[in-house]
Amino acid sequence: MNVLVASGLTDFLHDAVEPQVQADAIGLGAVFALMAVGIGLVFGVLRLINFAYGQLIMAGGFALAYASERGWPVVAGIALCVAVVVVLSLAMERVVFRPLRGQSPASMLVATFAVAFLLQSIALIWFGPLGKNAASLVELNQPMSIGSVEVRKIAVVSLVTAAVALALLLLLLNRTSIGLHMRAAALDFPTARLVGVRANAVSAVAVVLAGLLAAIVAVLLTVQFPTVTPTFALNETIIVLAGVVVGGMNRLLPATLGGFAIGYVSGILGGALPTNQSQYLSTFLFLLVIVVLLLRPEGLFTRGGHAVERV
Amino acid sequence: MTLPRSLVQLAGPVTLVVAAALVGATVSRSTEIYFINALVMVSIVVALYVFVGNSGVLSFGHISFVAVGAWAAGVLSVPEAEKPAFMPYLFGFLRDTTVGNVPSLVLAGVAGGVFALLVGLPLMRLSGLAAGIATFAVLEITHNVLRYYEKVGPGLNTFSSVPETTDLQQAALGALVVVAVAFAYQRSRFGRQLRAAREDPAAARAVGVSIYRQRLAAFALSGFLAGLAGGLYVHFLPLQIDGVYLDLTFITLAMLVIGGATSLWGAVVGALAVSALDSVLANAETGIEVLGRSFDVPAGTRLVVVSALMALVLIVRPSGLTGGKELTFDSLRRLRARAPSAPKEATE
């Protein structure tokens, strides 16, 4: 028995260090990190966990599918995707988030749960359960060789895109006055308002930035999963939400690291679990989530402080 | 509080359940289905309420206890001869055991309760968002395991040939049992301690309430009730694993929130109101005639309406239709006082 377990573990580790598996895992981690930033930005300002974030990505996916079915150039498709997602984000902020401001995180989470199902069922009526095909960028799925190692192009593209997007975001947060306002609002919203931070502007900017990130994620995800269905990105969102809470909700950096870590781990599990166990990927992943939450309820990547009962 | 007064709080939910059952008994067989479904939903939502309502901690994981209960009752009550047809890989003792209707329901409750207790032992130490995400993780794990582990159930297959013993009478009795247990619990000292901790954790701790223990007890009890409800569910319709996953989690949470999460009355009102709306819309999806004109709404409209309604309730009336309060003599009297001409001064 022990020998079996040991040899299983050796096989797992052997597969886990394969460059292709590592590259895919890092690529997935990068995509999940972008989603984590999108969720974390909105949480920082509004104290609201946006469960409907995945449905923004889904809407972007359908926009890409619309463009690709009509043979639009790739750039036009991406522009449509960005437009749809940003408009939808702003509408969500205005109609749902703003009236909910100041309520308990739990009831806001339930409200965004409702919005998620609303958007998903609208998509179901509109596009049907089989979904549409967004195939304009699939050639990025092809492998390319770096030195002697073969990795899929999308892994590299994901990593580079995520790095650039995060760098731009950091510049915005640290070098502009609206960025300063957002950081102030994330630290202490009531006090920030007292010293002249405009609440509506800050929350609109946070939501638009999160929407832009959702549009980027939609583009990256449709490369790997070109069939866009009403449940597109739903599982990914659940996993990233877990990752964000595991990493630490209260700061953007731990939340991002949490998103990256859970993407990386699920990429490794997906690539290295033996085939007869790979169907239990989400069991392994969420067991890990529970264990980490129990050990570090305030967040894996946060320092000091302790959990405060907010709900 | 005198006993008769507190009994009004029980009488409200009980009357609603009995009324639903009586109306259900007068309609055609095809419409009766909707009433049975509504009563099963009452059981699930009240089970959810026992934990969420009394503790104030959100749980996305209760449908896993419903699923475990459904699996236990389903696997154990399919006739032995028919098990290999859709559950060929069962453990020996599950393959060779078949129990009757009532024992299967009790076992469903026990399975749900034991599972909830085991899960709660570590998880009830968490609070807030960490607790919410951890219960979500439980749902994901349970769904994943039941979906692929074919030694304990049908996996991806549908639970066919489970005796359909949940008729209108059994669904109503089940809902009444769940409501009565929930009522007894919230009137007990354990329930009161937990509700005190919900209102003010620091003050409750100061007077010696162990929040962890009270939450754990409520979690296990509501797991038991959810398991029982799952047993009722699997005896009502041929269930499949995706029937006890995100959609059911969402719809039952919506029912609880729309009704008013902090009262038993709210849980029952929410479950019945949303079920009624859902049934009307389900009928409308297959075409409905109103005043001689036929309407036909596209399939999927139900979820659109229910989720929009849920978001609306959370924005406009965050404490739900009932305001999260129990039904009392006073509220009845106030309602009557308001009814004739509704003068604003008369209602305080």
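Between chain A and chain B, the count of salt bridges is zero, a salt bridge being a side-chain nitrogen of Lys or Arg within 4 Å of a carboxyl oxygen of Asp or Glu. Please note that this is a predicted model, in which local features need pLDDT of at least 70 and side-chain atom pairs count only at pLDDT 80 or more, while totals for chains, interfaces and linings use all residues. Residues are numbered from 1 along each chain as its sequence is written, chains are lettered from A in the order in which they are written, and side-chain values use heavy atoms, with hydrogens and water left out.

I turn to the extent of the interface. In all, 42 residues of chain A are in contact (heavy atoms within 4.5 Å) with 43 residues of chain B. The area buried between the two chains, meaning the accessible area (1.4 Å probe) lost on putting them together, summed over both, is about 3600 Å², and carbon and sulfur atoms give 81% of that area.

Finally, one residue of chain B. Asp278(B) lies in helix H13 (residues 264-285) of chain B. Asp278(B) is buried, at a relative accessible area of 15%, where buried means under 20% (1.4 Å probe, protein chains only).

Notes: Helix = DSSP H or I, 4+ residues; strand = E, 2+ residues; numbered from the N terminus. Buried < 20%, exposed > 50% of the residue type's maximum accessible area, 1.4 Å probe, protein only.
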